[in-house]
Amino acid sequence: MSLERWFHTLPLRWRDRFRRKQVDQELRDELRDHLEQQIQANLEKGMSIEEARQAAVLALGGITQIEQQCRDARGHNLIENTIQDLRYGFRQLCRNPGFSILTILCLILGIGANTAVFSWAEGILFRPYPAVAHQERLLALAGTARGESGATGISWPDFLDLQRNCTLCDALFVSKITGSTLSIGDHAEVTTGSIVSANYFDAIGVRPVLGRGFEPGEDVGSNAHPVVVISYDLWQKRFRADPQIVGKMQRLNNIPHTIVGVAPERFYGTFVGWAMNFWVPASMEENFESDGYKLEDRSARWIEGYLRLKPGVTRTQAQDEISAIATRLEDSYPGTNRGRNIKLWALWQTPFNNAGTMLPTLEVMMAVVTFVLLIACANVGNLLLVRSFARRHEMTVRMAIGASGGRLFKQLLTEGLLLAGLGTAGGLLVAYWCRHALVLLSPPRAGIAMYLPGEIDWHVMLLSAGICLVATLVLGLVPAFQSRNIDLAGALKSESSGVTAARKKAWMRSGLVVVQVCLSFILLAGAVLLLESLQKIRSTSPGFSTTRVVETSVSLVAAGYDVPRAKILQDDLIDRVRATPGVESAAFARLTPLGYGTYSETPIAVDGYQPPLEEQPTVEYNQVGPAYFATLGIPLLSGRDFTRADDEKAPLVAIVNRTMKARYWGDRDPIGRRLQVKGKWARVIGVAADSKYESMREDPKPFFYVPLLQDFVRGPALHIRTTASLENISASLLREVHALDGNLALYEMITLQEQVDRSTSPQLVAVTLVSILAGLALLLSAVGLYGVMSYAVAQSMRELALRMALGAGPGDLLRLVISRGLRLTAGGVFLGAAAGLALTRLLGRLLYNVSPRDPRAFGAAMAVMIVTTVAACLFPGWRATRTDPARVLRD
Amino acid sequence: MSKPSDLVQGTLDMLILKIVALEPLNGWAMSQRLKQISSDVLGVSDGSLYPALHKLERRGWISAQWKSSGNNRRAKFYSLTRLGRGQLEKETANWNRISTAISGIVKLKEA
């Protein structure tokens, strides 16, 4: 129908429906008007009043009939029919509350799980920064090294060159996560913030609600511009929403910063997973990063950034340009940039924030919730089949009194829409309630506000609407399909359906149950695999002791210690710690294994090792104090540990790990040989066993250690091997620290086991979510099985009674029912195992040392499935044993 | 009262559209005009006019407006819409085609 017609007819249709009285009144007026004019005309012809009236009425005909004909001519229309159908559908739902509630619950579960996971994917992977302008054109920017997988940071000079030379992008900006102690009054805490380029707020299009963002040039110099923009939350909670906040001073890491602005509400920065509380310009980098001034150092790859494409530019085009710039940099600065490229990543693949860690989990979750939706649909399908059987008579009567097939179908669709609509609305609510669930599942850590929001935007709404539409069609089509070939005469004659029809329906219901069992089996197998994997990860030795070693650090940087003072204090402190009762040994190290920080890396050269052309071998290393290996329990395979004598005046030394020895020295003994680190030659004095450095899932990789005193950093991590409890050691350490300097504070103290657990928390999240959903799926399948078996028992009363009459005992009947249930389960498990063998490979990235086809996992899933089946069949089976053969057979 | 049975289906619609095309009219005037033009041959009863008008209105071919008519009374006046004009042209063309064909057949000399 054309738009023009709608223009004319819609208002009329609307009036027909909602102003019915007025429309009727107008018709009556129109007809009276007609009569009066006719009477007038008749009078003019010379009739008497009486004659004139009679003739006019006769000519027009019965008013009531005309009114009725007009009403018919107006016809029933879409609006009217739909409202009628909705009203009728609603009455139907209320008449069968059990059916309706169960159906809607199933749908809420299925749709809610889907919507929740999609909203997480939207909020974490696809549109993580709602406050940022044009985030659809945003790409993450990180470096790569030839011959190595994974991403590195970018150096500040390289970033400036990119910014100058990139023509295809609107903006390049830096956002590097950092932390600071924040003391306001006598209350101090650690909080997270970002080191950003001066163009940050302009580039992302976020305008501070108070004050300003950063000005050009504020990211130049060494500690040159102590200004800070604080988050809305920080302003509200810590500064009590002080309207005069701009211009006030706040100490960050012991340097007073001027607060120049307050970021808008619900802007959490640009780091997926954590909420940022402050932003400082890159010129303040030295104050927040422990390893010195890096703005002019092309080999210090520390920044993380983003880039926004110009409209219409593709990622490939931009990547080509960026790579070309990187190649020019390689030529100009071979010493630092050889083999280095810069890569663009879609936001959902961002290598340097939690998008990367959440991606595999969310991928698996998408598949899992699809399964749950299918299982829920199968349940709803089963319910509908039962109800369509019950409504058969109603449908038959309606067809017999003249309802067209199309009209009935529309009615069924409307009822489907009602169910699906309620399910979707409920699902959206569930998703809304669950939008912060991921944070609850992640282990808390001090000073970090986890922020993994679900984002229910129009994409997610559209998707739910799509699911709703499909569900509506299915919900309408199933009963419509059932009523399609109703034999009017036959069905009206007797209410019971033919034996074949019942059998066909039973077959369909059993089929649906087999599908449910199959899908739940796959989910169960997946959940068991993930559990096994988590257990493996957590029981794998990281290569260092975890139970009796604790880790913390002292706020030297924040307290404004310079290098000489820090050296003295660290020396004094380690002596005092070692003398503390219960402490076996203690050692500093720049980074603690599996922590968040990034290891330093350096180009290396080894006597007698010729690297492949075009490749500059680089290796990560850690700066550790004496007794580090003893404290962490990393075995030294040969050579000696660092001692206090290995200080800045002594010859440079290094300890390499086993993998590094194998790669660069092969069978030769590296001890006493030379290794070039940051352009200086050091002598290898020992070989340590391999351990885990950044992730529990990493493969053994080359790594080495240098003495802390020869490559000094302020405020390193302090590791203590102790027999005392965490509380005791924490208290005595704080005493020792305060004895040296009352202004110093301790950061959070945790055991290395806790460190391992935190680093494997994505696996824990995945296991928890998949287990919850697999449990739900199992429950749904059990309900489905229970329904089918109860129905089957009710249908085969005569058969059961006959068996009983012929001498079968209750045990036999129970066995009969359970064996029927198990037969369905067997079919489902068989199909599920076949499909599972192919599908569990999708878990690959989440599994650790577990084959996706692990027979033990499949066996365990099967056992759970069998137990569930028996449980679901017990009640129907018990009902079967209560059959009274005499009564059933008489009926 | 039902529609006159010998009126070809849809013809009444076409006649109404044609009459309204000349000038906006109310129901009574339209019935007078119908009788006058067709010299009562078609025998359209006044009663069957109104359902037809309602139907055409809801198809968007004519639109109605309440206007005051002569002696201080408000009457419903119908006028042709743009859509209605198109429909009228289509039906007129159709009618011409069919009537030519039929009269051709009717005029055939019997052998």
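Modeller: Happy to! A word on confidence comes first: pLDDT is the predictor's confidence in each residue, from 0 to 100. This is a predicted model, and chain A has a mean pLDDT of 85, with 95% of its residues at 70 or more. The pLDDT falls below 50 over residues 495-500 of chain A, a stretch that has three contacts in the model beyond near neighbours in sequence.

Next, the layout of the chain. The domain assignment of chain A lists domain 1 (3-75), domain 2 (79-130 + 356-497), domain 3 (147-338), domain 4 (500-542 + 753-891) and domain 5 (555-746). Taken over C-alpha atoms, the centres of domain 1 and domain 4 of chain A are separated by 68 Å.

Now let us zoom in on A:Ala471, which sits in helix H17 (residues 458-484) of chain A. A:Ala471 counts as buried because 25 other C-beta atoms lie within 10 Å, and the cut-off for buried is 20 or more. Setting aside neighbours within four places in sequence, A:Ala471 is in contact with A:Leu107, A:Ala420 and A:Gly423. A:Leu417 is 54 residues away from A:Ala471 in sequence, yet their C-alpha atoms are 8.0 Å apart in space.

Most residues other than glycine have a negative phi. A:Arg240, however, has a positive phi of about 50 degrees, and A:Arg266 has a positive phi near 60 degrees. A:Arg240 is in the loop between helix H9 (232-238) and strand E6 (249-252) of chain A, while A:Arg266 is in the loop between strand E7 (255-262) and strand E8 (273-274) of chain A. A:Arg240 counts as exposed because it has 9 C-beta neighbours inside 10 Å. A:Arg266 is exposed too, with 11 other C-beta atoms within 10 Å.

Finally, the meeting of the two chains: 20 residues from chain B and 20 residues from chain A take part in the contact. On the side of chain B that touches chain A, the elements giving two or more residues are helix H2 (27-38), helix H3 (46-58), strand E3 (73-80) and helix H4 (82-106) of chain B. H3(B) gives the most to this side, with eight residues. By residue type, the side of chain B that touches chain A divides into six nonpolar, seven polar and seven charged residues.

Methods. Residues are numbered from 1 along each chain as its sequence is written. Chains are lettered from A and ligands numbered from 1 in the order in which they are written. This is a predicted model: local features need pLDDT of at least 70, side-chain atom pairs count only at pLDDT 80 or more; totals for chains, interfaces and linings use all residues. Two residues are in contact if their C-beta atoms, placed from the backbone, lie within 7 Å. Helices (H or I, at least four residues) and strands (E, at least two) are DSSP runs, numbered from the N terminus. A residue is buried if 20 or more other C-beta atoms lie within 10 Å of its own, exposed if 12 or fewer, and partly exposed in between; C-beta atoms are placed from the backbone. Ala, Val, Leu, Ile, Met, Phe, Trp, Tyr, Cys and Pro count as nonpolar, Asp, Glu, Lys and Arg as charged, and the others, Gly among them, as polar. Domain bounds come from an automatic or database domain assignment.
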